[in-house]
Amino acid sequence: MPPTLPPPSTLLPPLICGTATFNDQYNPDPYALPTTAIVHEALSLGVRAFDTSPYYGPAEDLLGAALDTPFVHENFPRRDYFLLTKVGRITGDEFDYSASWVRHSVQRSLERLHTNYLDVVYCHDVEFVSPEEVLTAVTELRRIRDETGVIKYIGISGYPVTTLCDLAEMILDETREPLDVVMSYANFTLQNTRLASVALPRLKAAGVKVVPNASVLGMGLLRRKGVPIGGKGDFHPSPKELRAAIQAASDWSDKQDIKDKRLEKVAIRWALENWIHEGAGVGSRGDPASGIPWTRERIEKYGGNKLGVSVMGVSNVEELRETMRVWRSILDGLKDGEKTAIDSGRGTDECGWSLNRQKQVQTLATGIRNVLGTWIDYSWPSPPPGFVNQRRAPSVPAPLPTPVASPDPLPKQSTAEASSDMRRLSQI
């Protein structure tokens, strides 16, 4: 991180909208999703960050189309929200961490997202390539950052927490500069908390500033109806025995005399609520989307400290609204949460309700974890045994289809504006 940039822990919001769901892994047809409505509603509800990736099928294009609309341009200046994307993963079995591909991927993301800079760029699913390849990609991202300014912060993402720690330590040793951000997914959930127990001490020691926790449902594993089946069929890497244990835990929860006992409801609130505290040391003071009219001031205005950062994905507007109701209820239960609830217009009783719900969820979570037994903290192998990177000759991909119900395009740039943009991109 250049000395002229503030630490990401002072800027990134503690709740990030993920767009992995804008993909046919999780949904049969991502173009049929109301992606523009989701993004606009998220911004209206105070969400100020979006996480995406070229690997997520059309997600970058769909997110970019939603942001490149009069509603966003007129109400949400680019400086007021954060865009996080990734490089390196192309398909399920194809990776390219070369400097040339990193440059191509960054330029393509800028174009797809209709932006002239990216707040965070991760090397995507680093466990699938060698440490040397990761170092090459991080080095190139830092060169782009330093020479062009189109990237602000750089990190890595992946599943095995020990690999993330090994690489964060290696990069610090080799370059004398720590990673800004390391994102883990499915490793702080009701079933697996190794991100806190194993990774956090090492990542802090390696100088990592922010550690977002993504996929609090374990890629859809912690649901009453089981893992999601999208356009690519059953992609989930969990073994059938773990799925059976999850189903047994869900059945147990359904039998309890507590309101809102559905497994996914318990799992979402438990992970968000606990990571706010567990991840605070590698969290952020960015705007918390509390419902208080948004300003550029930090969270200290509302009496808070750093909050652990979570990434949440949704597939429709109602899921988003429910997520925000849960999130704000969690904030109401924090220190000075009663003042937050009053200032946001939710009322004086919300803090007490939140604390009571916290106790209910903890009771259910304890029982669920007891049912899971030996499957607690199990992690599936990633990459799977026998994996071989099937990198094909690089080529320019064909244009993706137009999203359903896309907004009307903005007026075209002038020739001078377009030429200026192309000169900037050519510097990467």
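User: Which residue lies over the face of Tyr117, and at what distance from the ring centre?

Analyst: First the general idea: a charge counts as sitting over a ring if NZ of Lys or CZ of Arg is within 6 Å of the ring centre and within 35 degrees of the ring normal. Here it's Arg78, at 4.0 Å from the ring centre of Tyr117. Arg391 does the like with Trp101, lying over its face at 4.7 Å from the ring centre. Keep in mind that this is a predicted model, where local features need pLDDT of at least 70, side-chain atom pairs count only at pLDDT 80 or more, and totals for chains, interfaces and linings use all residues. Residues are numbered from 1 along each chain as its sequence is written, and side-chain values use heavy atoms, with hydrogens and water left out.

User: How many helices and strands does the protein chain have?

Analyst: Helices (H or I, at least four residues) and strands (E, at least two) are DSSP runs, numbered from the N terminus. This protein chain has 13 helices and 10 strands. Of its 428 residues, 55% are buried, where buried means under 20% relative accessible area, exposed over 50%, and partly exposed in between (1.4 Å probe, protein chains only). As for contacts (heavy atoms within 4.5 Å), residues 24 or more positions apart account for 80% of those with a separation of 6 or more.

User: How many aromatic pairs does the structure hold?

Analyst: A pair of aromatic rings is described by the distance of the centres and the angle of the planes. Rings of Phe, Tyr and Trp (its six-membered ring) pair if their centres lie within 6.5 Å; planes under 30 degrees apart are stacked, over 60 edge-to-face, and the rest tilted. The structure holds 11 such pairs. Take Phe95 and Phe387: the ring centres are 6.0 Å apart and the planes stand at 85°, so this pair is edge-to-face. It links distant parts of the chain, with Phe95 in strand β5 (residues 94-95) and Phe387 in the loop between α12 (350-372) and α13 (415-426), 292 residues apart. Phe95 is buried at 2% relative accessibility, while Phe387 is partly exposed at 23%. Together with Phe128, Phe95 and Phe387 form one aromatic cluster.

User: What kind of pair do Tyr159 and Tyr185 form?

Analyst: That one is tilted, because the planes are at 40°, with the centres 5.4 Å apart. Tyr159 sits in the loop between β7 (151-158) and α6 (161-175) and Tyr185 in strand β8 (residues 181-185), so the pair ties together parts 26 residues apart in sequence. Tyr159 is buried, at 1% relative accessibility.

User: Which residues have the most contacts inside the largest nonpolar core?

Analyst: In soluble globular proteins, nonpolar side chains tend to be buried together. A nonpolar core is a set of buried Ala, Val, Leu, Ile, Met, Phe, Trp, Tyr and Cys residues joined through side-chain atoms within 4.5 Å. The largest one here has 108 residues, and those with the most contacts inside it are Val106, Cys123, Val134, Leu141, Ile156 and Leu190. Helix α9 (residues 263-278) gives the most to this core, with 9 residues. Leaving aside neighbours within four places in sequence, Ile156 has contacts including Tyr122, Cys123, Val134 and Leu167.

User: What should helix α8 span, and which of its residues are buried?

Analyst: The expected span of a helix is 1.5 Å times one less than its number of residues. For the 15 residues of α8 (residues 240-254) that gives 21 Å, and the end C-alpha atoms are 21 Å apart, which agrees. Its buried residues are Leu242, Ala245, Ile246, Ala249, Ser250 and Ser253. They cover an arc of only 140° around the axis, which puts them on the same side of α8; the arc is that of the directions from the helix axis to the C-beta atoms. What covers these buried residues includes α9 and α12.

User: Where is the cis peptide bond, and which residues other than glycine have a positive phi?

Analyst: The cis bond joins Ser382 and Pro383, with omega about 0°, and Pro383 is in the loop between α12 and α13. Asp125 has a phi near 55°; its place is the loop between β6 (118-123) and α5 (131-148), and it's buried at 4% relative accessible area. Ala289 also has a positive phi, of about 55°, and lies in the loop between α9 and β10 (310-313), buried at 5%.
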